[in-house]
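Here are my notes on one chain of this model.

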Amino acid sequence: MAEHDHDHTETLKEQIVRAASEGSPLEIRGGGSKQFYGRAPLGDPLEIGDHTGIIQYEPTELVVTVRSGTPLTQIEQVLAERRQILPFDPPHFQGGATIGGAVACGLAGPARPWSGAPRDALLGVRILDGRGRTMRFGGEVMKNVAGYDIARLMAGALGTLGVLLDVSLKVLPAPGDHHTLVMDLDARQALEHMTALNTQPVPLAGAAHVDGQLHLRLACDAALAAHWRRRIGGELSTDDAGFWRGLRDHTLPFFDQDAPLWRLSLPPASPPQNIGKTLIDWGGAQRWVFTEETPEQMWALATASGGHATLFRGGNRQGGRFQPLPRPMAALHTRLKKVFDPENVLNRGRLYP
Amino acid sequence: MPHSSPSSQRVARRAGLARAFSEFLPPDAILSREEELHPYECDGLPAYRRLPLLVLLPTTVEEVQAILRHCNTQHIPVVARGAGTGLSGGALPHEDGVLLVLSRFNRILDIDVANRCARVQPGVRNLAISEAAAPHGLYYAPDPSSQIACSIGGNVAENAGGVHCLKYGLTVHNLLQVRLITIEGELLTLGGGGLDGPGYDLLALVTGSEGMLGIVIEATVKLLPIAEQAQAVLAAFDSVETAADAVAHLIAGGILPAGLEMMDNLALRAAEDFVHAGYPTDAAAILLCEVDGHADEVTAQLSRAERLLKESGATEIRVARDDAERQRFWAGRKAAFPAVGRISPDYYCMDGTIPRKRLAEVLHEIAVMSERFGLRCANVFHAGDGNLHPLILYDANVPGELEKAEQFGGEILELCVAVGGTITGEHGVGTEKIDQMCVQFPDAELETFHAVKAAFDPNGLLNPGKAVPTLARCAEFNAMHVHQGELPFPEIERF
């Protein structure tokens, strides 16, 4: 592994120190697969893509530590050789995605309700803060409550609190087998079905509804899948892996539409909203909606349902993309940003203006 | 004017404060007489005791907000307390402050079966959630050993674990939403009704923050379907090294146990004498391995686990014949702390986490220290996730033994850091491990912790003096600690 280790900490640090002294913003860039995400990037690029390498991988410890620019495909391949996986199955989108970007964006694949998000697998980070200081939070062990959990605070912060240098992640044994049951149901019926299944010990690893069909992925062998099919119904899918990968990476035909794409994070049993073409994922907890509704309408709708909404693709990138925060929460966010990045150089305005 | 004595000053200060709080609290929510305060002088770590100025027992969110606002404007320290079962002195009162006891917030507000979650007040006991969810076939996964008594507010504050963490996670993995009251009396909602919330992951930041950032006034926790079947296997080993290797072998074999626990000979004998779990008392160490899921799956996993354990050199393998025997296997483990309490006048429980592969070496070092300090040490280990609980046996009535036990414990924690681990896996830093934080974290990280706290609590009034040491304290501790330029454990390879 050592010959593939490229440590660019010093170069990155110099760029940050310079930017902080000039007060000029930096756009943190890994593989560029999620450049569409968040508010419009500002400033000179800070390229992380060359900062690569698997620093430590101990299959029997269930932990991997990697430099943030390492491509997801490379990590997943190394894990697969030892029959292990990244539990949160991060999206690759159009390719080139890095582990740093995956953690910074906090997005997770279709198994998220059962296997967690990046924040759940994240054990530790080494970061450069907005002053160019190197710091380490968390570690490489499963349980660690020494100090505040600043490692997990970095997950989903879109790089606004620090540049991830390396991340330590919990990995899991790969599930032996997957089988998918497909059945024709409308959205309301599908939600009722998923809600009912959710309270039973079914080995679910995916539950999504799109184009009038409910897809249920089961992590179990063929014999058990047959058992569950007798109880649940539906037909066994022939393109099990393709569907879930397409859902994860937004390459299913559903995602080929023109209107702005919204992500709704809701209590899973929330009834369907008739606001645009919708794909229901995560057993109801994540919904993808193409709609021309205004951001204000979408945020109000999400609040009314007890969740939040994100303008994921399309629409105005100068305006708000993420659910506005109540005043005391917004003030707290501003104060935390100041703690980590007093000159406001790291991904300025990418999350909130 | 004559000088009043410090104690009479204290009495006057106490009376003045009680009067001020009685403006907005009912009389039964304020305890101010010394005999009423004594039950609150310590938490689950009785080596540290201190009387607060007052104990406050509010019953409404508005009362808590008013208390915090008053404390913030008057600069009065506030220490929150739930059930008081914490093991790191995190709820040790502040002598010039109030102890905010949340035990009256003891209602389960909602069991939402469709969304598979429970909304509870902070004083609800951990086990009570699973009991209330059981009729729906659901349960709350984190199960600290104190789950009969400990409350969910404290679980959030400490990021409590338990014996099923490897598969089902810690408190932080099983929370959906927390309502937090800041020192300024603001009510914040962290997390969301779905699986995530907008903005920074403050839910994760607050989980395990030891009451330093705000007061948890409500929590929404995930509920999971109760597994169709659970089965346990007990394996005996003639050395702790083989037992440790067996754990690695199980994991490499693709088994993800629901629980995986190790006990050394001293711990397992104490447990056996106490609850008669049927442990083989001549073993150097035992492993308890539980698998759960669908019946067929459990059978398959169990036979695989048996094979792997046999390959690893287990001298005896016993599969629980029925659920009663499985419960007995666990009863011994869950009673390990009180069991050790029966064989020694006092014990001191440590909580380091280490990379599992360093276990044999760490246990060897602990044995050497045990010899050096002349104090026995029993080891209980959450083997799946590397969380080690050495229990140091001592007698507080023997002059100097408590200090020796503390020094022994401190050295164990420093050893954990030296091998790439951490000083606390699930009990928190609290009062007791504050000096060892100086060993684990450099100044920049400690400064960041203080700055994060200041972002929530600018006057530093929430649980002051706990969890994160001042830089001055660390400078002093580290100066005392490095002897002739040499760190402790020079022979240990460091990370």
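1. Domains 1 and 2 of chain B bury about 1,100 Å² between them, buried area being the accessible area (1.4 Å probe) that two parts lose on being put together, summed over both. Carbon and sulfur atoms give 67% of that area. On the domain 1 side, B:Leu68, B:Asn72 and B:Thr85 supply 34%, more than any other three residues.

2. This is a predicted model: local features need pLDDT of at least 70, side-chain atom pairs count only at pLDDT 80 or more, and totals for chains, interfaces and linings use all residues. Residues are numbered from 1 along each chain as written, chains are lettered from A and ligands numbered from 1 in the order written, and side-chain values use heavy atoms, without hydrogens and water.

3. The domain bounds, from an automatic or database assignment, are 6-101 for domain 1 and 112-225 for domain 2. Their C-alpha centres lie 24 Å apart. The contact (heavy atoms within 4.5 Å) takes 13 residues from domain 1 and 14 residues from domain 2.

4. Between these two domains there are zero salt bridges, a salt bridge being a side-chain nitrogen of Lys or Arg within 4 Å of a carboxyl oxygen of Asp or Glu.

5. Now the partner chain. 83 residues of chain B are in contact with 69 residues of chain A. The buried area is about 6,200 Å², with 61% from carbon and sulfur atoms. B:Leu195, B:Pro198 and B:Tyr200 supply 13% of what chain B buries there, more than any other three residues.

6. Chains A and B share seven salt bridges. One joins the side chains of A:Lys143 and B:Glu426 (2.9 Å, N to O).
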